[in-house]
Amino acid sequence: MKYNTTFLLFFIVSTSIFSKAQIVENKIYSLFFQKQYEKVIELVEEAATLNADEFYYAGLSAEMLEDSQLAAYYLKKSMALDSTNVAAKKALAQALFQNEELVPAAEIYIDLLETDTLNAFLWRCLGDCYAKLMLLPLAYTCYQNAFYLNPKNSANTLKLISVLGALKSDDYITESLFYCDSSLMYNENHKPLLRKKASLYFVNHEYLKAAPLLDSLLGMKDSSFLVLKHAGICHALQKPKSETALHLLRKAYQQVPTDKEVMLHLANSLSLNPNFFDEAVEIIAKIRKSAEPDSTVIYQTHTFLAQSFLGIKDTVNAIRQYYYSMNQENIADRLLRLTSLANNVTVESSHTLLWYVHYFFLQNLKIPNERSSLHFSRQKSFSIFLMEEYIKYMHLSGQKKVTWETLDGNSKMIIMSDLQKVVH
């Protein structure tokens with residue numbers, strides 16, 4: 001009788017404990033599915049004992065609250081009680097990834113893939129881990145597996161193309177276009193894929209192929225910066241005086257007023273219209289100011305200005321801009337351009353510029369190679385002839401020194417004997 005009483009007492013207590021645990025579990029489930037995630041966390045913290053599923057839902061709640069550290073904490077507890085819960089394992093890997101614990105996350109994804117090899121999502125997640133760890137060849141393999149398992153998923157395709165571009169293989173554009181086209185078969189009007197395809201053509205200088213894609217995106221009301229930029233440049237290259245090009249480049253410039261490529265093409269389009277020439281020069285001045293000490297951009301801006309001034313037949317300012325664009329690599333080309341243009345200077349107030357250009361040419365004359373030696377020899381002979389004529393004029397007028405207008409707008413005094421040394 002005593003034994004029966006003890007057993008009965010134990011049964012009552014056990015049933016009571018089990019009943020309370022079941023109530024807690026049911027409440028956690030109910031709160032979770034009602035999206036009351038904070039209350040789930042509160043209840044879990046107050047509970048005396050919890051099972052693997054309850055910790056799992058606590059982890060998911062923390063994840064929904066964007067607390068990856070707390071999510072990982074609960075999910076690890078869930079896995080400690082039940083290591084067979086695949087859903088908990090996936091959630092833990094994601095929480096670790098969000099928490100920048102990339103190696104442990106990758107290890108879990110590798111473990112999951114051993115029994116679920118054809119899961120495109122897991123391959124993509126593992127690729128994300130490798131990409132963040134800068135293990136790009138491994139990331140490429142993972143993303144490629146994800147792509148072939150599910151080519152309909154545009155996210156897989158875009159990630160694959162992104163890492164392929166970072167690897168910079170010789171044929172990455174051709175390969176990337178293949179992936180784009182394959183995915184577009186299932187997502188015909190997918191804007192990010194169309195943008196990527198247009199961008200690939202653009203960077204490969206295939207502007208005629210990029211243009212219709214970009215126009216299609218514009219027709220879909222896509223006013224993103226890259227679409228406006230690339231479309232504007234494509235139209236500008238095909239029809240320099242196109243109003244469409246000017247309109248698109250203006251809109252791109254409004255969005256990102258510091259993009260040098262947009263600024264250059266916008267300035268070029270503006271310079272073709274005399275009414276907008278001053279605006280073009282103003283934009284180029286901004287590029288020039290922000291470019292220091294980038295010699296390449298400085299060279300580009302002054303070259304552009306020189307060509308723009310030539311477009312409006314302002315030879316004097318064109319000469320000055322070509323002078324400013326000179327560097328060690330292009331000095332031969334610029335010397336010839338300067339002297340060739342100087343021969344056409346007819347503005348009376350700038351006549352000394354003509355003489356100074358030829359003087360500058362003779363001072364810096366160095367024939368760089370045999371191919372250009374003929375041009376240099378001809379120009380040298382002509383420059384010497386002009387300088388000799390100028391010396392005769394100065395001698396007849398009784399002047400022993402002369403003040404020259406230099407290319408940077410300053411004045412320079414030269415004694416006749418020094419001038420003759422340059423000629424002879």
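Start by selecting Asn119, which is found in the loop between H6 and H7. Helices (H or I, at least four residues) and strands (E, at least two) are DSSP runs, numbered from the N terminus. Is Asn119 buried or exposed? At 15% relative accessibility, Asn119 counts as buried. Buried means under 20% relative accessible area, exposed over 50%, and partly exposed in between, with a 1.4 Å probe and protein chains only.

A word on the ground rules. This is a predicted model, in which local features need pLDDT of at least 70 and side-chain atom pairs count only at pLDDT 80 or more, while totals for chains, interfaces and linings use all residues. Residues are numbered from 1 along each chain as its sequence is written, and side-chain values use heavy atoms, with hydrogens and water left out.

**Helices side by side**

Select helix H5 (residues 86–98) and helix H6 (residues 102–115). Their axes come within 8 Å and cross at roughly 150°. Axes here are lines fitted to C-alpha atoms, for helices over the stretch in contact, and angles run from 0 to 180 degrees between N-to-C directions. H5 and H6 are therefore roughly antiparallel to each other. Angles under 35 degrees count as roughly parallel, over 145 as roughly antiparallel, 65 to 115 as roughly perpendicular and the rest as oblique. The crossing of H5 and H6 is left-handed. A crossing is left-handed if the near helix is turned anticlockwise from the far one by less than a right angle, and right-handed if clockwise.

The axes of H5 and H7 are 11 Å apart, and the helices pack at about 25°. That makes H5 roughly parallel to H7. H5 passes H7 in a left-handed crossing.

Next, select helix H11 (residues 191–203) together with H12. What angle do their axes make? They cross at roughly 155° and come within 8 Å. H11 and H12 are therefore roughly antiparallel to each other. Their crossing is left-handed.

**Two loop residues**

Select Met134, in the loop between helix H7 (120–132) and helix H8 (136–149). Its phi is near 60°, a positive value in a residue other than glycine. Met134 counts as exposed, at 60% relative accessibility.

Then move to Lys221, in the loop between helix H12 (207–219) and helix H13 (225–238). Phi of Lys221 is near 65°, again a positive value in a residue other than glycine. Lys221 counts as exposed, at 72% relative accessibility.

**Rings**

How many aromatic pairs does the structure hold? There are 12. Select Phe33 and Tyr57: their ring centres are 5.9 Å apart and their planes stand at 65°, so the pair is edge-to-face. Rings of Phe, Tyr and Trp (its six-membered ring) pair if their centres lie within 6.5 Å; planes under 30 degrees apart count as stacked, over 60 as edge-to-face and the rest as tilted. Phe33 lies in helix H1 (residues 2–33) and Tyr57 in helix H3 (residues 52–64), so the pair ties together parts that are 24 residues apart in sequence. Phe33 is exposed at 58% relative accessibility, whereas Tyr57 is buried at 16%.

Now look for charges over rings. The charged end of Lys132 sits over the ring of Phe97, 5.2 Å from its centre. Arg250 lies over the face of Phe276, at 5.3 Å from the ring centre. A charge sits over a ring if NZ of Lys or CZ of Arg is within 6 Å of the ring centre and within 35 degrees of the ring normal.

**Last stops**

Select Val297 in helix H17 (residues 295–311). Val297 is buried, at 11% relative accessibility. Val297 and Ile287 are 7.9 Å apart, C-alpha to C-alpha, and 10 residues apart in sequence.

Finish at helix H22 (residues 416–423), where the buried residues are Met416, Leu419 and Val423. Seen down the axis of H22, its buried residues fall within an arc of 60°, so they line one face of the helix. The arc is that of the directions from the helix axis to the C-beta atoms.
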